[in-house]
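Here is a short briefing to read alongside the model. Have the viewer open and follow the topics one by one.

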Amino acid sequence: MVNPAVSNLVIMLVMMQVSKKIDFEDSTVLLGVRALYLASNALIFGLYFYTRFQINKKNDLTTLKYVEPPAPMSGQTESKLVTTTIKEYDLGQVTSAMKGVFQGIAMMAFMHLYMKYTNPLLIQSILPVKSAIEQNIVQIHVFGKPAAGNLKRPFKVASMFGAGDVKTDKKAISEAEVSGAGGVKED
Amino acid sequence: MGPLQRARVYDWSKEFLIVLSIMGYVVLHFLGLRVNQGKVSSWIKAHLDVLQTQFYQVGPKPNITSTKSIDYIVTDGATAYNTYATGRVNVSHVLAKFRLLGRQNFITLSMEYFTSIFLQGFNPRDQIDVVITPSDPAAIDPFVFAVVNKENMSRSRDQNYFLSITRTVDSDKLPPSFTFMTESAEVTDTVVELAKEFFQALETPGVEKVLEYFAITDQQPTAPLSLKDLEPKTKLYLSLKFPSNKEQSELSARILNSAINLVDILVAKKTWRPEVAKKIKATRDAEIKKVQKALDLIKAEELAQKKTEALREKKAALAKLSPEEQKKLDQKSKEKEQRKLRSKQIRR
C-alpha cells in the first residue's frame with residue numbers, strides 16, 4: 001500500500017494538469033463539475049451513515065480504556081483516562097470525520113461561491129472520497145478489515161504540536177484510573 | 001383616505017404571517033411543555049406505589065391524598081421538576097430530580113440538536129437523578145460501588161467524582177450492557193451478595209433502557225474543593241431514564257424499590273475486613289492530600305498578593321512626603337543596610 005500522503009500528492013499534481021486542459025468557462029462543463037462535487041459529497045455522507053448504521057447494528061459494548069494526553073494548548077497538565085466502549089469510540093470517530101467533511105464543504109463554498117474559483121472543485125471531488133475510504137473506521141466497518149495492527153483501537157493520531165501519544169499499557173491505565181478527575185463543574 | 005379605507009387597501013400579508021408564526025410558536029411552546037409535564041407525571045404515576053408503601057410522606061407536603069400526580073411534583077421551570085419523599089426507618093429522605101430537554105422552546109431545542117451532531121460529548125437528554133439519603137450517613141462503612149450502563153459510561157465517569165476514584169471491571173454477574181465501577185473485588189462481591197433484589201431486577205431484559213447507573217458512595221458527585229467535601233457521607237444515587245412502555249415502568253419501580261430496601265441491608269452490614277478498609281482509606285487519604293495541596297497553593301498566592309499590595313501602599317505613602325523628608329528616609333534606610341552589611345562582615 002502506498003503512503004496516503006504520497007498518493008494524495010500524486011493525484012493532486014495529476015489533477016492540476018488535467019484541470020488546466022478543462023474549459024471551466026463552458027456552462028455545461030461547469031454544471032458537470034458542480035454535479036460531480038455534490039455527488040462525491042453525497043457518496044461520502046452515504047459512506048459515513050452506512051458506517052454509523054453498521055456500528056449501531058454490531059453494538060459492540062466491549063470496554064475500551066486508554067490514557068489520553070492533555071490536549072495541546074488547553075492548559076491541562078494531567079493526562080486523563082477514558083473509559084468507553086468500542087461502539088461509543090467508533091461513533092465518536094465517525095462524528096469527527098463528518099465534522100471534517102463539513103469544514104471542507106464550508107471552505108469550498110467560500111472558494112467557489114465567493115471567490116469564484118472552479119479548479120478546486122475537481123480535486124475536492126476526488127481527494128475527500130479517497131480519504132473517507134482510507135478512514136480507519138470505514139476500513140473496519142465497510143470493508144470488513146480486522147481491527148488489528150494499524151487499525152487497532154484507539155487509533156494512532158499524527159499530532160502536530162508534539163503532544164504525547166495515547167497510552168494503552170496496563171501501568172498507565174492503572175495509574176490514571178483512580179485519579180479522581182471526574183465531577184469537575186465547568187462554568 | 002380615512003384610516004378605515006387605508007386599512008382596507010393595505011396589504012396585510014406580512015402582518016398575517018407574523019401573527020401566524022407567533023401563534024405557531026406559542027402553540028409549540030405549550031405542546032412542548034405538556035410533553036415535559038406528561039413525562040414527569042407518568043413517571044410519578046409509575047413509582048407512586050413504591051414510594052407510598054416505603055414512605056410516610058410523598059410529595060412536598062404531608063398527607064397528600066390526591067391521585068393526580070401533578071400534586072406530588074415541585075415545578076421549577078419548564079425543564080426542571082422535583083419530587084420528594086420522607087418518613088421511613090433508616091432513610092432520611094429521597095429526592096428525585098427531573099431535568100428535561102427544553103421542549104418548550106423548539107428553537108433552542110433544534111439548535112441543541114444541531115450542535116450535538118458536531119460537538120462530541122455534548123448530547124443533551126432527559127435525566128432523572130434519585131438520591132437516597134440514609135438517616136445516619138456515617139452508619140455505613142465508606143466505600144464506592146456502582147453498576148453503570150456501558151452506553152454512556154465515559155460521561156458517567158466524567159460527571160461523577162465518586163466514579164472517577166473507582167476501577168471499571170466487566171463481570172459475568174451482570175448483563176453485557178452493564179459494568180461494575182468499584183473500589184475492590186471484595187466490595188463488589190459483598191454488595192452483589194447483599195443487593196440480591198437489585199441484581200434480580202437487573203436480569204430483566206430491557207434494563208439498559210431504564211437504568212443509567214446505580215451507585216452506593218460515601219463521596220460526592222462534584223469534585224471536592226475543600227476538606228469538608230471529602231468527609232465520608234454515604235448516599236445512594238440512582239440515575240434513571242424515562243420508561244417508554246409498561247414493562248419498563250414496572251422494572252423502573254422495581255429498581256427504585258430495591259435501592260430503597262438496600263439501605264436497611266447496608267446499615268446492618270458487617271464492617272470491612274481490615275485489609276479492605278485500609279485500601280479504601282488509602283484512596284481517601286491520597287485525595288485529601290491532593291485537596292490540601294491545592295488549598296495551600298491558593299493560600300500562598302493570596303499571601304504573595306497581599307505582600308505586593310503592602311509594598312505598593314508603602315511606596316505611594318513615600319511619594320506623598322515632601323522632598324526633604326524623602327531624603328531623610330532614604331538616608332535612614334541606607335544606614336540601616338550598611339549596618340546590616342557590617343554586622344554580617346563582622347560575623348564572618
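Let's begin with the rings: counted over all chains, there are 14 aromatic pairs. Please keep in mind that this is a predicted model.

**An aromatic pair in chain B**

- The ring centres of Phe198(B) and Phe214(B) lie 4.7 Å apart, and their planes meet at 45 degrees, so this pair is tilted.
- Distant parts of the chain are linked by this pair, as its members are 16 residues apart.
- Phe198(B) belongs to helix H6 (residues 196–202) of chain B, while Phe214(B) sits in strand S9 (residues 211–217) of chain B.
- Both Phe198(B) and Phe214(B) are buried.
- One aromatic cluster is formed by Phe145(B), Phe180(B), Phe198(B), Phe199(B) and Phe214(B).

**Two helices packing in chain A**

- Helix H1 (residues 4–21) of chain A packs against helix H4 (residues 119–134) of chain A at an angle of about 160 degrees, and the axes are 10 Å apart.
- Because of that angle, H1(A) is roughly antiparallel to H4(A).
- The crossing of H1(A) with H4(A) is right-handed.

**Who meets whom between H1(A) and H4(A)**

- From H1(A), the residues in contact include Pro4(A), Ile11(A), Met12(A), Met15(A) and Met16(A), along with Ser7(A), Asn8(A) and Ser19(A).
- On the H4(A) side they meet Asn119(A), Leu122(A), Ile123(A), Ile126(A), Leu127(A), Lys130(A) and Glu134(A).
- The residues of this contact divide into 9 nonpolar, 4 polar and 2 charged.

How values were computed:
Residues numbered from 1 in each chain as written. Chains lettered and ligands numbered in written order. Predicted model: local features only at pLDDT ≥ 70, side-chain atom pairs only at ≥ 80, totals over all residues. Heavy atoms only, no water. Axes fitted to C-alpha atoms, helices over the stretch in contact; angles between N-to-C directions. Helix = DSSP H or I, 4+ residues; strand = E, 2+ residues; numbered from the N terminus. Parallel < 35°, antiparallel > 145°, perpendicular 65-115°, else oblique. Left-handed = near helix turned anticlockwise from the far one by under 90°. Contact = heavy atoms within 4.5 Å. Nonpolar A, V, L, I, M, F, W, Y, C, P; charged D, E, K, R; others polar. Phe/Tyr/Trp six-rings, centres within 6.5 Å; stacked < 30°, edge-to-face > 60°. Buried < 20%, exposed > 50% of the residue type's maximum accessible area, 1.4 Å probe, protein only.
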